[in-house]
Amino acid sequence: DIAHMCYRTGDMIKALSWAEKALELARRLNASEIIASSYASLGTIFGFTGDMKKAVECLERALKIALDYGYMDTALRTYANLAWNLPEEENEKALEYYKKGLELAEKVGDISMISWIGTSLAGAYVGIGDMDKAVSLAKESIALDRKAGDLAHLSTSLSTLGGAYQVLGEWNKSEQYYMEALSISQRLNDFQSIKNSHGHLGRLHFDKGEYAKAREFFEKMYEILEKAGA
């Protein structure tokens with residue numbers, strides 16, 4: 001849990017240390033649930049620090065253990081993070097992981113994960129140009145987040161919908177969703193959402209030809225990532 005909080009708040013060095021300690025203890029105690037969860041955290045951390053091979057290896061181990069033993073919470077977060085860390089040429093495999101994860105989340109009734117994985121799948125649909133599915137899924141996730149009061153994820157689902165509208169050329173709508181996402185993430189001091197929001201706004205201003213503004217947002221994003229060791 002400490003490892004998870006460290007990478008959520010932007011300290012990859014501490015996150016890695018705690019996740020490795022958790023895995024060592026879990027192995028000693030043969031605590032399979034914590035072994036799976038520790039691998040899931042390690043995979044996410046390696047993804048942030050750029051070691052994608054280790055990230056995928058750890059996440060695949062986490063998913064296998066979680067599915068073998070029925071640890072649904074770990075399986076769900078691993079489906080999402082595993083798809084996210086696959087190389088771009090494996091986008092079909094990533095889509096399959098997202099779809100399986102969403103199906104499982106709906107089966108067990110985990111509202112938070114339905115929204116999280118639904119948002120990730122929406123982003124994947126943006127990437128392959130299926131904009132109708134992307135917009136629909138992102139709107140569904142926003143509605144779930146607002147209903148559940150899940151502000152931490154609402155920032156991400158808003159950004160995803162903003163990204164879809166950016167691709168569609170509806171820049172005013174896009175900026176509106178990005179700015180709401182940034183406001184929420186800053187209020188929560190959520191490292192991941194804050195850096196994402198700056199990146200999205202940088203790309204939007206770049207598309208609009210507003211290069212000075214784009215540069216400001218990208219520089220801020222770079223500072224946040226550098227400080228976190230991501």
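I started in helix α4 (residues 52–69), where Lys53 and Glu57 both sit, four residues apart, about one turn of the helix. Helices here are DSSP runs (H or I, at least four residues), strands are too (E, at least two), and both are numbered from the N terminus.

Note on the model: it is predicted, so I keep in mind that local features need pLDDT of at least 70 and side-chain atom pairs count only at pLDDT 80 or more, while totals for chains, interfaces and linings use all residues. Residues are numbered from 1 along each chain as its sequence is written, and side-chain values use heavy atoms, with hydrogens and water left out.

Next I looked up how Lys53 and Glu57 pair: they form a salt bridge, with the closest N and O atoms 2.8 Å apart. The term means a side-chain nitrogen of Lys or Arg within 4 Å of a carboxyl oxygen of Asp or Glu.

Are these two buried or exposed? Lys53 counts as exposed because its relative accessibility is 61%, and Glu57, at 37%, is partly exposed. The cut-offs are under 20% relative accessible area for buried, over 50% for exposed, and partly exposed in between (1.4 Å probe, protein chains only).

Then I checked Arg146 and Glu180, whose side chains meet in a salt bridge at 3.2 Å, N to O. This pair links distant parts of the chain, 34 residues apart: Arg146 is in helix α8 (residues 131–148) and Glu180 in helix α10 (residues 171–188).

Last, I found Lys93 and Glu90 joined by a salt bridge of 3.8 Å, N to O. Glu60, Glu90 and Lys93 are linked in a network of salt bridges.
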